[in-house]
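Try each one yourself before reading the solution.

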Amino acid sequence: MKQEYGFRPNLQTFNVLIKTCVKGNEWHKAFEVYSQMQLQRIRPSMSTFNALSMAAGEGGDWRRAIDVMVDMR
């Protein structure tokens, strides 16, 4: 994710992006956003994990659902 205009995305920014991807049926993009979040070393919240679980469920991707559960530890 590009940092423009001196703005650095934070946890809330990433959560909104992930939730928007889920609502827009762009499940794979939700996980791309999560990957960017991890690269920037932003610690996910329970809200992040809930949205990712929904993305995995809606997308029928049980492996990603398991990965989300592992990341929650």
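**Exercise 1.** Is V70 buried, partly exposed or exposed?

*Solution.* Keep in mind that this is a predicted model. Start by placing the residue: V70 lies in helix α4. Next, take its relative accessible area, which is 42%. Buried means under 20% and exposed means over 50%, with partly exposed in between. So V70 is partly exposed.

**Exercise 2.** Work out how α3 and α4 are oriented to each other.

*Solution.* Helix α3 covers residues 46-58. Its axis and that of α4 are 8 Å apart, and the two helices pack at an angle of about 165 degrees. Angles over 145 degrees count as roughly antiparallel, so α3 and α4 are roughly antiparallel to each other. As for handedness, α3 passes α4 in a left-handed crossing.

**Exercise 3.** Now do the exercise for α2 against α4.

*Solution.* Helix α2 spans residues 27-39 and packs with α4 at an angle of about 30 degrees, their axes being 13 Å apart. That makes α2 roughly parallel to α4, since the cut-off is under 35 degrees. To finish, check the crossing: α2 passes α4 in a left-handed one.

Note on methods: Residues numbered from 1 in each chain as written. Predicted model: local features only at pLDDT ≥ 70, side-chain atom pairs only at ≥ 80, totals over all residues. Heavy atoms only, no water. Helix = DSSP H or I, 4+ residues; strand = E, 2+ residues; numbered from the N terminus. Buried < 20%, exposed > 50% of the residue type's maximum accessible area, 1.4 Å probe, protein only. Axes fitted to C-alpha atoms, helices over the stretch in contact; angles between N-to-C directions. Parallel < 35°, antiparallel > 145°, perpendicular 65-115°, else oblique. Left-handed = near helix turned anticlockwise from the far one by under 90°.
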